[in-house]
Amino acid sequence: MRVYPAFFRAVFSGMDPEKAHRIGFDMIKLSAATPAGPLLRRLMRPSPDLRVRALGMDFPSPFGLAAGFDKEGSGIVALTNMGFGHVEVGTVTGRAQPGNPKPRLFRLVEDRAVINRMGFNNDGAATVAPRVAAARTRLERTYGRNRPVIGINIGKTKAVDLADAVDDYLISTRELAPHADYLVVNVSSPNTPGLRLLQNIESLRPLLSAVRAAADESAGRHVPLLVKIAPDLTDDDVDDVARLALDLGLDGVIATNTTITREGLVTDPQQVMACGVGGLSGAPLRRRSLEVLKRLRAGLGEDGPVIISVGGVESARDVQERLAAGATLVQGYTAFLYQGPFWAARINRRLARLLA
């Protein structure tokens, strides 16, 4: 019997969502600092049968945690103890920033969804970098060559004009690339004014080219580079991104970020309207995320760049479906808030049986 749903209803459901997230995350981090940490790690470690080769690395599982949960790299080791094959930190910006005014995180429980307008609240690249470096060292010491993978997602500082966006991304790149297993350029959050304009191919090409060169130079090695796109792109725009990825030799695409649409929700429309603007994530995103994945894979080719599929992933069958549709790796986030700390380990166990 699963205990967490009852715990969620009794403890977290009536609590401010951002406060609940902070308390839950603190509990996960505390678990790694206690004698129970090594036991949890052993119990939740993915089966060796789930290892997958991607981006020039061995991932312990194809299932990982999307950016947004650990924005500042403060709980990487604890989250890998939960069974995630990789953890994507961020979004991290060149400068520290508090994000948008609160409240900025809202649950739509009936839809198993969340609306957020966090606004890239984080401590800034210079502060996050040593945390990631320390976590990477700990994981190498604990797991050796088969350690979980650390991705870092970077975005634009809100106070920086779009005209200066490339230079701003390069601040984060130079600080973080030396410690990243892979780097993600986020141009698809709806919560930083004007950011999605950078998805325009004419803007995206020079940005990705500059970040790739700076990442490899600062790290002294090739750092796999991916771009994260929105589900709200038209199909033609998705095709353009695929062509650009091939043209630039990008290592991959992450599809998709949150959506600004509110279609198909069962939550009372007045409640949805009261939440205000922001990105919608969770189960309602499943269909569009899968559509974008299939279109990208068709455009990139069967043996083309990596696709990390995210959006509406809740179960091992969802992960299996994304892999069958052309994803190399799969991420989740919103369902973690609803299903609790054993979610990733449960998915890994069931996925191992499904793939067998």
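**Note on helix packing in a predicted model**

1. Start with R174. This residue sits in helix α6, which spans residues 165-176. The model is a predicted one.

2. Which residues does R174 touch, once neighbours within four places in sequence are set aside? They are A214 and S218. R174 and G94 are 80 residues apart in sequence. In space, their C-alpha atoms are 9.6 Å apart.

3. Now look at the packing of α6. Helix α5 covers residues 125-143. The axes of α5 and α6 are 9 Å apart, and the angle is about 25°. So α5 is roughly parallel to α6, as angles under 35 degrees count that way. The crossing is right-handed.

4. Which residues make this contact? From α5 come A125, A126, V128 and A129. From α6 come S172, E175 and L176. Sorted by class, the contact of α5 with α6 has five nonpolar residues, one polar and one charged.

5. Turn to a second pair, helix α11 (residues 316-324) and helix α13 (residues 343-355). Their axes come within 8 Å and cross at roughly 50°. That angle makes α11 oblique to α13. The crossing of α11 and α13 is right-handed.

6. On the α11 side, the contact uses A316, R317, V319, Q320 and L323. On the α13 side, the contact uses I347, R350, L351, L354 and L355. By class, the α11 contact with α13 has seven nonpolar residues, one polar and two charged.

7. How far does α13 reach from its first C-alpha to its last? The 13 residues of α13 reach 18 Å, close to the 18 Å expected at 1.5 Å a residue.

8. Which residues of α13 are buried? The list is W343, A344, A345, R346, I347, N348, L351 and A352. Check R346 and N348 on the structure: both are on that buried list. I347 and L351 are buried, and I347 and L351 also take part in the contact with α11.

9. What covers the buried residues of α13? The cover includes helices α3 (36-44), α11 and α12 (334-339). Strands β3 (63-65) and β13 (329-332) are also part of the cover.

Methods:
Residues are numbered from 1 along each chain as its sequence is written. This is a predicted model: local features need pLDDT of at least 70, side-chain atom pairs count only at pLDDT 80 or more; totals for chains, interfaces and linings use all residues. Side-chain values use heavy atoms; hydrogens and water are left out. Axes are lines fitted to C-alpha atoms, for helices over the stretch in contact, and angles run from 0 to 180 degrees between N-to-C directions. Helices (H or I, at least four residues) and strands (E, at least two) are DSSP runs, numbered from the N terminus. Angles under 35 degrees count as roughly parallel, over 145 as roughly antiparallel, 65 to 115 as roughly perpendicular and the rest as oblique. A crossing is left-handed if the near helix is turned anticlockwise from the far one by less than a right angle, and right-handed if clockwise. Contact means heavy atoms within 4.5 Å. Ala, Val, Leu, Ile, Met, Phe, Trp, Tyr, Cys and Pro count as nonpolar, Asp, Glu, Lys and Arg as charged, and the others, Gly among them, as polar. The expected span of a helix is 1.5 Å times one less than its number of residues. Buried means under 20% relative accessible area, exposed over 50%, partly exposed in between (1.4 Å probe, protein chains only).
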